[in-house]
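Try each task before you read its solution.

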Amino acid sequence: MSVISSDRVRAVVGLGVSGVSCARFLASQNIDFYVIDSREQPPGLEEIKKICPQNKIFLGDLDVLLTLPVTELYVSPGIPLSLPVLSQLSAKGVLMRGDVDLFCDYANAPIVAITGSNAKSTVTTLVTDMLVVSGYKAVAGGNLGAAALDLLSDSVDYYVLELSSFQLETISSLKAAVATVLNVSEDHMDRYDSLYDYQRVKQRIYKHCRAAVCNKQDILTVPLLPERTPVSTFTTGIPDLKEFGLLSDGDDQWLCRGVERLINSSSIKLKGKHNYSNILAALSILEMLNVPFKLEAITQYLSEFEGLPHRCQTIRKIKGVTYVNDSKGTNVGATIAALEGLGAKEPNIHLILGGDGKGADFSPLISPVNQFVKHAYLFGADADSLEFVLGAGVSCHRHEDLASIVNAVHSFAQVGDIVLFSPACASFDMYEGYVHRGEHFMHLVRAL
């Protein structure tokens, strides 16, 4: 294990899950630190008071950092490094780190690092579970479930980390055994200046990795790495010799490595090309880890895995109409993937959209909406923008809230239709988060 130098003066900036875990870990190592939060009553404060002296806790203003002799900050992912106080300190040589960077100092097992605008939670879960059914001790965390530092253990064979772009901003020492960017589409444009700026942060996951996996159908995921670094690709098209992809055989589809047929899609509980893409990405990651495939165990697992809550989750079928909760579809790319994965030859989807678009461009929705959607139902802060972009191609119905939409779509939908709640927006204009929003949608549908 690494030993943190004692000549540094550290501060945890921002509490919440990652900040509290960082403070907890530093305290367990008998390392002194400050805690600073712009809020007067941040989450986790009571625990912090038990492990950090009162005279080292500063609340209500981050500018107090300018008065402290700090040399190293552990910054919460929710706090932009572009804040003036952090920019000033960085210019003076103060290190900007995060809890994942600290985790990397101590992790003794290989790290699988997974990011992407969409599907990273599902792929993180798939990789972890596939490793487990193959006989390895694998644990998942980071942006999904437990904070990275809470995973540290001498008995772990593999750490599988989901990493957001916010977390990647403060990572310098990841050195993943396998790193992947699954896809890149506009997200968090209220934090990044451009898609290029966002992509550049996503690509930080590849820095010093020992192997990489990327999406052949998304050029923005392709890493710039030394030639000696092995790179594997996946695609939902026909794979080249060493790629993972899909092959059709009559009515059957096979998940393949080159011409080698691995898993028939009929044996997979998850449906849709977007889900097959996620499984192919996970298989590609396992190969780059040099983990022998236990295809029988993995196929059995995939025959039972229903997917994660709020991610194209089928709720129920009512009079031949299927209701799908994709509340985790918080950006345009996620909604496009859901439409392409569930859409039929004739438009059969009633699409529910709306919320806070985070400054995103909605125009990429036009083509898949026109192809797959019968009617669009709009609500929330960016309903006007969505109607402006989509209204010329599909009938749009404006509503004040989700309850009104569910009642309306229940009247319009016909046998064979799909009601897809994939908002393409964040939820914070009306809900506590995507989970709260998804649970409300499921409650409304189950009450029909």
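Two exercises with solutions follow, after a note on conventions. This is a predicted model, in which local features need pLDDT of at least 70, side-chain atom pairs count only at pLDDT 80 or more, and totals for chains, interfaces and linings use all residues. Residues are numbered from 1 along each chain as its sequence is written, and side-chain values use heavy atoms, without hydrogens and water.

**Exercise 1.** Describe the surroundings of G16.

Step 1. Start with the element: G16 belongs to helix 1, residues 16-28 (helices are DSSP runs of H or I with at least four residues, strands runs of E with at least two, both numbered from the N terminus).

Step 2. Check accessibility. G16 counts as buried because its relative accessibility is 19% (buried is under 20% relative accessible area, exposed over 50%, partly exposed in between, with a 1.4 Å probe and protein chains only).

Step 3. Look for partners. Beyond its neighbours within four places in sequence, G16 contacts R39 and P43 (heavy atoms within 4.5 Å). P43 is 27 residues from G16 in sequence, yet their C-alpha atoms are 5.3 Å apart.

**Exercise 2.** Which residues of helix 12 are buried, and what covers them?

Step 1. Within helix 12 (residues 383-390), the buried residues include A383, L386 and L390.

Step 2. These lie on the same side of helix 12, because they cover an arc of only 65 degrees around the axis (taken from the directions from the helix axis to the C-beta atoms).

Step 3. Turn to the other side of helix 12, where D384 and F388 are exposed.

Step 4. Find the cover: it includes strand 17 (349-354), helix 11 (366-372), strand 18 (373-379) and strand 19 (395-398).
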